[in-house]
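Take a walk through this structure, one piece at a time. Keep the 3D view open as you read.

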Amino acid sequence: MTEVEGTAALTPEPADREAARKAAAARLKAEHDREFAAFVEASYHKVEGILRAECRDRDMVEDALNEAYLHGRVKWSTLRDHVKRIGWVIITARFKILKDQQRRQREAAMAPEDLPPAPQSNIVDAWEAQEVLSTWLSQLPSRQAVVFQMEHDGFSNQEIARILGVTEISVRSYKAAAKKRLRELAEEAGYTDSESRRRQGGSRESR
Amino acid sequence: MNLDDILALAATGGPSPLELARARRFARSVQSQYDIAFAEGYEIIVDTDVVDPLATGVDEATRVARAAQLAKLGTITWAPGEAEGLERLSWSDEMAMIFGHAPGTLRLTLEALIELVHPDDVRRVRQAVRTAWEQERPDEVTFRVIQPGGSIRHVQCHLEILTTAGEPSGVIATGEDVTALELARQERRRLAIRSEMLSADLTAQDTLTGLPTRSYLTDEVDRARRTTGGALIVVATEPAVRLPDALTDEDREQLTASVALRLRAIVGDEATCGLVGSGLWGVLLTTAADEQAEPAEALADRIVDTFRSHLFGVRQRTSRLNTWAGVVHFNGGVLASGADLLVDGEHAASDARSNGVPVTVLDQPVSDQERIERCRSRVRHAVVTNRFALYSQPIVDLSLNQVTRHEILLRVRSGSGEYVTPWAFLDMAERVGEILAVDKWVIDHALELIGQGAQTSHYQVNISGKSLADPGLLAYVTEAIHRHKVKPECLTFEITETALIENRNEALDFATGIRQVGCGLALDDFGTGYATLSHLKYLPVDLVKIDGSFVVDICRSPANRAIVSNIVNLSHALGIRVAAEHVQDEETIELLKGCGVDFAQGYQTGRPKAIAICPEEQVRSIEFEFRLPSQSALG
């Protein structure tokens with residue numbers, strides 16, 4: 001301590017320097033806080049959707065999101081330099097879910113009886129389309145569902161493979177399988193003909 | 001609108017304002033958690049590497065294996081070699097441990113791996129891996145692993161195709177031990193089957209009237225006398241005029257059912273009532289039930305009055321019922337058993353009949369001595385005065401679709417001269433140890449009738465399991481066979497085990513002896529009585545008759561189907577044929593054939609018919625009576 005005092009004595013206005021350091025740290029923290037808040041706001045919806053596509057237990061997803069983002073905030077100084085920050089959050093949250101599931105020793109897939117019934121009416125807006133899509137996704141094997149959801153959210157095959165820890169061939173295969181099954185589900189629900197084609201047909205008739 | 005339209009529409013909308021607000025709220029909450037930790041100076045431990053998943057440049061196998069390792073999953077990597085047998089195989093430490101090996105102790109080859117998989121699963125696993133490789137498609141496979149100690153674990157693997165420079169270069173299996181999950185799944189499946197198979201105790205209810213049976217009511221009376229005490233009313237009913245012979249069994253059953261309905265209406269839900277014999281009804285009143293309940297005498301009076309004044313309709317005609325009742329009061333803890341009290345009630349009702357009063361009341365059970373004496377003299381009197389008749393019911397050989405056998409059934413003459421089913425009488429006779437006399441009567445008269453007939457069929461005669469204890473029975477039967485000139489090969493004795501076989505050795509002697517004479521041996525009411533599986537092993541049984549309670553609703557009960565078809569399998573494995581009782585419709589017959597049952601007996605194949613009203617009267621010739629109803633019994 002005495003040494004420090006000695007060194008400090010040489011430095012002019014040590015209190016000011018200390019204050020300046022603190023101020024800089026506070027500025028940095030505030031900047032990170034801002035960045036982080038913006039990141040959460042932009043990514044939360046997407047991450048939640050992806051996790052829910054794979055895991056149907058909402059509480060588990062909620063817990064995982066909380067932990068993953070909190071850890072993300074702790075490691076923000078590293079994370080902010082990542083190419084795709086959202087990828088790390090998804091990975092972290094998925095590990096958390098996996099651990100929870102291993103601990104609870106229960107099946108990831110719950111019985112389809114728990115699902116909300118598919119809306120029968122015509123789909124008019126983006127929100128309704130998303131709803132009906134998530135209902136159908138929940139009837140798919142979880143790997144297919146999560147791959148499809150990520151593709152829908154704009155991730156590339158390579159990104160999906162790396163985030164989920166699977167091979168790229170698997171991603172392609174799951175995507176195709178998901179698409180096929182979703183098409184079947186859509187047809188079962190009565191969504192068979194294309195909107196544009198039907199309009200055309202209708203107009204031709206009226207002529 | 002089709003899937004593509006929906007996908008396109010779903011992609012147009014970002015998060016709604018509501019969801020954005022939720023994300024902001026969430027961000028604030030995370031931030032504040034972080035700030036609190038920061039301010040209080042405790043460290044939040046982040047156990048995930050902060051490695052940018054997209055920035056690494058390792059090959060796919062390493063990448064997948066690393067991800068698996070982080071998730072505590074094991075991996076096995078396979079790469080094809082230049083030739084067969086040169087393929088490279090490796091597993092992660094985690095996977096080695098799943099297979100029960102310490103990491104690095106086993107050099108993995110294809111043969112070594114196949115050794116570790118349960119033999120029954122090897123084919124499936126190889127098939128799954130080959131298909132995945134050939135079709136370049138991921139798959140999932142669950143199999144059993146045999147660990148070095150011999151213990152078996154369930155492992156689930158995710159099979160994926162690896163690519164190197166765009167070409168498929170191998171297979172990686174990511175797996176975990178799912179034994180706990182698998183066991184839970186098996187248990188769920190078992191419970192589902194169990195709940196589907198578990199059925200209500202139908203044997204406690206009479207199929208015709210829906211009332212509790214004699215044995216159920218006996219148990220209830222027994223329970224009451226051990227606890228609260230109470231009163232038992234036994235009501236005896238018989239048609240005031242003899243019902244015309246033209247009445248069919250269905251008509252009589254309809255009458256019984258309407259009496260049951262009326263009784264239930266009078267008694268209400270408070271008391272337990274049951275059918276305790278032909279034309280005998282029991283009503284149990286427990287003291288604890290209701291202090292304000294009407295006394296047993298008053299209820300008995302009311303039942304008798306109502307029954308006597310009511311006109312019961314039978315096939316467009318009406319019939320009055322002569323009715324009497326006996327009431328037995330008993331305190332909690334009396335020594336007389338439920339069955340004893342029931343017999344006392346029957347006697348009291350019978351006393352009322354002979355004394356010309358509506359109701360007889362016993363303030364307490366009669367003494368054991370008196371009861372047994374009375375029961376014995378009743379049985380002996382019935383035997384001596386031939387108050388019995390023999391009926392015969394056809395049995396169809398299901399492989400021939402023909403009646404090839406008949407069961408000889410006993411009927412007891414009731415007070416009004418009707419011949420009624422004897423189960424209440426036999427129950428009583430068995431309890432007081434007088435069943436042997438009845439059995440001997442049946443054997444003697446049945447063999448006499450058979451001997452007088454053409455002996456074209458095969459006849460099945462009942463003997464109580466209790467009578468087998470009598471050392472003289474075999475000699476008696478043998479003598480009767482010779483006396484009446486009956487072909488022994490035309491006879492099968494059905495052992496009815498309503499009571500335990502009293503003396504195992506004696507029973508075995510009889511069974512062996514009767515087989516030596518040339519007669520067949522059958523176990524009656526199999527599955528509900530006292531007949532155990534060990535009887536099938538040491539008694540030289542030729543035929544097992546499955547109890548009717550397993551047969552009546554077999555078309556609707558998967559449990560009964562399972563029981564019947566497995567009794568058939570078991571019996572056939574032991575060289576024993578199988579008959580089903582209480583067959584009531586064509587559908588049941590088809591089902592029984594499917595199960596491999598050899599014989600069917602029941603209302604569908606033919607109801608019991610009188611052979612002779614009474615041997616002395618000889619009104620009908622035996623030849624006539626034993627004539628087969630028709631060649632195609634099922635028609």
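UniProt, in an unreviewed entry, places the feature "domain: HTH luxR-type" at residues 154-181 of chain A. UniProt positions follow the numbering used here, feature names are shortened, and annotations may be inferred rather than shown by experiment. The span of residues 154-181 is 79% helix and 0% strand. Its end C-alpha atoms lie 20 Å apart. Helices (H or I, at least four residues) and strands (E, at least two) are DSSP runs, numbered from the N terminus.

Some ground rules come next. This is a predicted model, in which local features need pLDDT of at least 70, side-chain atom pairs count only at pLDDT 80 or more, and totals for chains, interfaces and linings use all residues. Residues are numbered from 1 along each chain as its sequence is written, chains are lettered from A and ligands numbered from 1 in the order in which they are written, and side-chain values use heavy atoms, with hydrogens and water left out.

Now look at chain A as a whole. It has ten helices and zero strands. From the N terminus on, its elements run α-α-α-α-α-α-α-α-α-α. Of its 207 residues, 40% are buried. Buried means under 20% relative accessible area, exposed means over 50%, and partly exposed lies in between (1.4 Å probe, protein chains only). Take the contacts in chain A with a separation of 6 or more: residues 24 or more positions apart account for 66% of them. A contact means heavy atoms within 4.5 Å.

How do two helices of chain A pack? Helix H5 (residues 85-104) and helix H8 (residues 157-164) of chain A meet at an angle of about 35 degrees, with their axes 9 Å apart. Axes are lines fitted to C-alpha atoms, for helices over the stretch in contact, and angles run from 0 to 180 degrees between N-to-C directions. The crossing of H5(A) and H8(A) is right-handed. A crossing is right-handed if the near helix is turned clockwise from the far one by less than a right angle, and left-handed if anticlockwise. A:Gly87, A:Ile90, A:Ile91 and A:Arg94 in H5(A) meet A:Arg162, A:Ile163 and A:Leu164 in H8(A). By class, that contact has four nonpolar, one polar and two charged residues. Ala, Val, Leu, Ile, Met, Phe, Trp, Tyr, Cys and Pro count as nonpolar, Asp, Glu, Lys and Arg as charged, and the others, Gly among them, as polar. An α-helix has 3.6 residues a turn, so residues three or four places apart point the same way.

Next, cross from one chain to the other. Helix H6 (residues 126-137) of chain A packs with helix H1 (residues 3-12) of chain B at about 120 degrees, and their axes are 7 Å apart. That angle makes H6(A) oblique to H1(B). Angles under 35 degrees count as roughly parallel, over 145 as roughly antiparallel, 65 to 115 as roughly perpendicular and the rest as oblique. The crossing of H6(A) and H1(B) is left-handed. Among the residues that meet are A:Leu133 and A:Trp136 in H6(A), and B:Ile6 and B:Leu7 in H1(B). The contact of H6(A) with H1(B) has ten nonpolar, two polar and no charged residues.

Chain B has 20 helices and 22 strands. Of its 635 residues, 48% count as buried. Its helix H6 (residues 119-135) holds B:Arg124. B:Arg124 is partly exposed, with a relative accessible area of 41%. Leaving aside neighbours within four places in sequence, B:Arg124 is in contact with B:Val141, B:Thr142 and B:Phe143.

Further along, two loops deserve a look. Is B:Asn386 buried or exposed? At 11% relative accessibility, B:Asn386 counts as buried. B:Asn386 sits in the loop between helix H12 (368-384) and strand S13 (388-397) of chain B. Its phi is positive, about 55 degrees, although it is not a glycine. B:Gln455 also has a positive phi of about 55 degrees and is not a glycine. The loop of B:Gln455 runs between helix H14 (435-452) and strand S16 (458-464) of chain B. At 8% relative accessibility, B:Gln455 counts as buried.
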